[in-house]
Amino acid sequence: MTSSQQPPVPPTRIDFSAEDREWIAERIKTVLETGRLTLGPFGEEFEGKFAQSTGVQRIGKEPILLDADVYGRIEFRIAGKDHELATRGLQMTGNLAASARITASSSEHGHAPESAVDGLLGGYPANPAQEWSANRETTGAWLELAWDKPQKVRRVLLFDRPNLVDQVTSARIRFSDGSTIEVGELANDGSAPAVLAFPEKEITSMTFETLSVKDGTENAGLSEIGVY
Ligand SMILES: [Ca+2]
């Protein structure tokens, strides 16, 4: 039988009694007057009854806290209990570094240049494959990002290698349009980025070059570079 031959589905009519209509209208009026639906008394009553019948603990009035200022993890609190989730760490939507060709002055085995654009903020000793580390280079070590087509960029994030021996204390980024940006000290533990914001540039490549390092640094590098 084809669809045109199927019998029509009879329309459903829900029967509301006069009493029900009054009960519903009263509550709609309250919602319209207070402007509060989900956060109002009816939402609260619903949550309570839901908790009662399912045994699921209510979240309650306490908000879920998200810490947006940390990279690599999300911190939140539910019903007074703290939780932490590991994340990829870097926003990859719109991150132009992910589509760049990457080259470097050198790299230690297992610390490839591409690891600086994988979105992951780890590094030696726990996750060496998540960072770029130059091979016995400090000042002068460089990482280049290049694209086939011009890219519009206005923000760069730089994360140092997370180990505390190696630290970039100043650097320069040279863009293909001839402009440069000087970079100060990167946070030694790589937990927070140096954020460089500037008027939009149209470029086909950019090169990060280390200008100075902390005493004792053996291999300069980056856990991650983000380009937006
Ligand atoms: Ca990385």
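Which residues is Leu158 in contact with, leaving aside its neighbours within four places in sequence? In this predicted model, the residues in contact with Leu158 beyond that range are Val183, Leu186, Pro193, Ala194, Leu222 and Ile225. The protein chain has 228 residues, of which 27% count as buried.

**Overall architecture**
- Two helices and nine strands make up the secondary structure of the protein chain.
- Along the sequence, these elements follow the order α-α-β-β-β-β-β-β-β-β-β.
- Among contacts with a separation of 6 or more in the protein chain, 68% join residues 24 or more positions apart.

**The largest nonpolar core**
- The largest nonpolar core holds 33 residues, and Leu143, Leu158, Leu222 and Ile225 touch the most other members.
- Two or more residues of this core come from each of β5 (142-160), β6 (168-175), β8 (194-213) and β9 (221-227).
- The element that contributes the most to this core is β5, with eight residues.
- In soluble globular proteins, nonpolar side chains tend to be buried together.

**Thr217**
- Thr217 is located in the loop between β8 and β9.
- Thr217 counts as buried because it has 21 C-beta neighbours inside 10 Å, where the cut-off is 20 or more.
- Leaving aside neighbours within four places in sequence, the contacts of Thr217 are Thr138, Val165, Asp166 and Gln167.
- A distance of 8.3 Å separates the C-alpha atoms of Thr217 and Val168, which lie 49 residues apart along the chain.

Note on methods. Residues are numbered from 1 along each chain as its sequence is written. This is a predicted model: local features need pLDDT of at least 70, side-chain atom pairs count only at pLDDT 80 or more; totals for chains, interfaces and linings use all residues. Helices (H or I, at least four residues) and strands (E, at least two) are DSSP runs, numbered from the N terminus. A residue is buried if 20 or more other C-beta atoms lie within 10 Å of its own, exposed if 12 or fewer, and partly exposed in between; C-beta atoms are placed from the backbone. Two residues are in contact if their C-beta atoms, placed from the backbone, lie within 7 Å. A nonpolar core is a set of buried Ala, Val, Leu, Ile, Met, Phe, Trp, Tyr and Cys residues joined through C-beta atoms within 7 Å.
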